[in-house]
Amino acid sequence: MACDKPQIDKDGKGILFSGNAKVNLVKDIEGQTNVYLLEVQAELERETQVSPKPGQFYMIKGSRSNVTFGRPISVYHTERKDNSLKVQFLILEKGQGTKEMRQLLPGDTVSLTGPLGNTFGEFYNNETNGRIAIIGGGIGVAPVANFASSLTDDSYDFFASFKSGSYGLEHVKAAKLTITTDDGSVGVHGMLSAAFTKKVIQTNGYKAVFACGPTPMLAYVQSVCQEAGVKCYLSLEKKMLCGVGACLGCTITTKEGNRRVCKDGPIFDGSILEFPKPALTRRQPLPAGQKPNLKVNIAGVEFKNPVIAASGTFGFAQNYRGFFDVEALGGISSKGLTLEPKPGNSGERIIEITGGDINSIGLENPGVPHFIEHELKEMLALNTVTLANLAGHSLESYVKGAELLDKTAVPMIELNISCPNVKAGGMAWGMEPLCAFECVSAVRKATKKPLVVKLSPNAPDLVAVALACIKAGADALSLINTIQAVAIDIEKGRPYFDNIKAGMCGPAVKPIALRMVYDVCSAIKKLPANEQVPVIGLGGISKWQDAVEFIMAGASAVQVGSATFAKPDTMIEIIKGLETFMTTHGYKSIEDFKGSAL
């Protein structure tokens, strides 16, 4: 890859813009459920800062946003007067970033970086100057409509392909405009292939074709243009972090080697592109009226669905009863319990961080006897599975706590082995396979209850610990517990927590937790069938898509923790999302897709 030339003026100052722009308007496109127009206005610092050209894009996000990186959005229309630049974007709401921008109001600000990428004009030269076809598919109509508006009226034909209705064609002044829609609501009934073919290219004598749209459409355009012997120039879409060619995250493979969509594109000569083969056929939905079965069985205990409230985040099931029906949950894991009452840690206990929190609660709880006498009765009265989360600092306290719980009606014990092992110099029981085996073996002898062992992500060899727990008699595993972290009070110049180290949780840990669940489930899968145990996945789960990932990684169920603090009914939304996902993808049960990614 050649060294990129800096984009600077004669005084060495950048010609691109990076800063805040004011929102002028956000307008939903009529007839479209998820497409909107965003207009922003940026005040440029210098005359030498450039305006965007057709085909270029900006990295953009709301100034107050829950996402870290901007989203690459192609320019739809632009106007400049002196150093005041007005830019319009047609945006398809796809994820969190584009959803947030749809909710912006006039006067709000967005973070804007650009213009970035190459332009259609770089390919519109003597070779292509003549009769051309311009094609836009769905939201891909935005950059090509911008390109069309820069050309002489009636000097091109324009093809626009949509699922339903049409939009983004206000500035298109084509000699011939052809619209196709999947549902036949506008123009030709069908996809692009119903109106744009090899014969059409040859009959109309097109010298070149310019297109932007979904990958299958671009692959089709490339194919028919090759058959017709006509050049095509295709604008691609790719996930990006920087947008300036530095991170190499948007690299694609071409016949001429690796190319960056943000810097070497987004527009490429179609002859060098290598489109991936079509993915497997999408699963068909369940028959109308058929509902999926969300029930799961873990160590002989049946859960009505795989969503469980995680220990330490839901109290003893009563805290959130005023917000939603807690009996809709598959299960509830109690606050971590020690044999004797525990006051917890001194000093500050929580701090919010990007993507979650760090907490140092210190297992504050009323003790196992108090729980059995008071809280357990109320938990068992609920129509959901109760898990008693048992912690301890000595082997004796673990065993005694298990013996007491064994005499109750609690259906399942979740054994937390992340607590300090005094005999091992304060190292957690779950940090080393032999210690984990000793602890689980002792508790196993003390109770006949189904035993779920909760693993620490801080173990140097988590898989070895997991296998040791299974060998010691664990009926199931749950993972991960919080990740060890540190926060510094920069005003006081010392650690924020009295205990210095504390537990990090929240969405930021999800990919790490998912990797650990994947590793453990992969190892379990290799065991003889009679030695395999179910896994409950947790760590940063905040939406139904997260739950699906954990189940596909091998988990039989999931636990949701700190997400409930931010939005009390998160688990209800996850259950509903799971049901919808299973319905639309034809999964009759959780088992149908459990471990599909292994």
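Trainee: How many residues does helix α9 have, and how far does it reach from its first C-alpha to its last?
Mentor: Helix α9 (residues 510-525) has 16 residues and reaches 22 Å, close to the 22 Å expected at 1.5 Å a residue. The expected span is 1.5 Å times one less than the number of residues. Helices (H or I, at least four residues) and strands (E, at least two) are DSSP runs, numbered from the N terminus.

Trainee: Before we go on, what should I know about the model?
Mentor: It is a predicted model, in which local features need pLDDT of at least 70, side-chain atom pairs count only at pLDDT 80 or more, and totals for chains, interfaces and linings use all residues. Residues are numbered from 1 along each chain as its sequence is written, and side-chain values use heavy atoms, with hydrogens and water left out.

Trainee: Which residues of α9 are buried, and what do they pack against?
Mentor: The buried ones are K510, A513, L514, M516, V517, V520, C521, S522, A523 and I524. Buried means under 20% relative accessible area, exposed over 50%, and partly exposed in between (1.4 Å probe, protein chains only). They pack against α8, β26, β31 (535-538) and α10 (544-552).

Trainee: Where does strand β25 point its side chains?
Mentor: In β25 (residues 451-454), L451 and V453 point one way, while V452 and K454 point the other way; all are buried. In a regular strand the side chains alternate between the two faces of the sheet.

Trainee: Which strands are joined to β25 by bridges?
Mentor: Four bridges join β24 (residues 412-416) to β25, and these two run parallel. Three bridges join β25 to β26 (residues 476-479), again running parallel. Two strands pair if DSSP finds at least two bridges between them. I413 stands opposite L451, and K454 has S478 in β26 as its bridge partner.

Trainee: How many residues are in the largest nonpolar core?
Mentor: That core has 103 residues, and those with the most contacts inside it are V453, L455, C469, L477 and L479. A nonpolar core is a set of buried Ala, Val, Leu, Ile, Met, Phe, Trp, Tyr and Cys residues joined through side-chain atoms within 4.5 Å.

Trainee: Which residues does L479 touch?
Mentor: Not counting residues up to four places away in sequence, L479 touches several, including L455, M516, V517, V520 and I536. Contact means heavy atoms within 4.5 Å.

Trainee: Switching topic: is T386 buried or exposed?
Mentor: T386 counts as buried because its relative accessibility is 1%. T386 lies in strand β23 (residues 385-390). A polar atom of the T386 side chain lies 3.4 Å from the backbone oxygen of M379.

Trainee: Which peptide bonds are cis?
Mentor: One joins G114 and P115, with omega about 0°, and another joins G265 and P266, with omega about 15°. P115 is in strand β7 (residues 109-116), whereas P266 is in the loop between β15 (257-260) and β16 (267-269).

Trainee: And what is the phi of D154?
Mentor: D154 has a positive phi of about 65°, although it is not a glycine. Most residues other than glycine have a negative phi, and most peptide bonds are trans.

Conventions: Polar contact = N/O pair within 3.5 Å; in protein donor to acceptor, adjacent residues only side chain to side chain.
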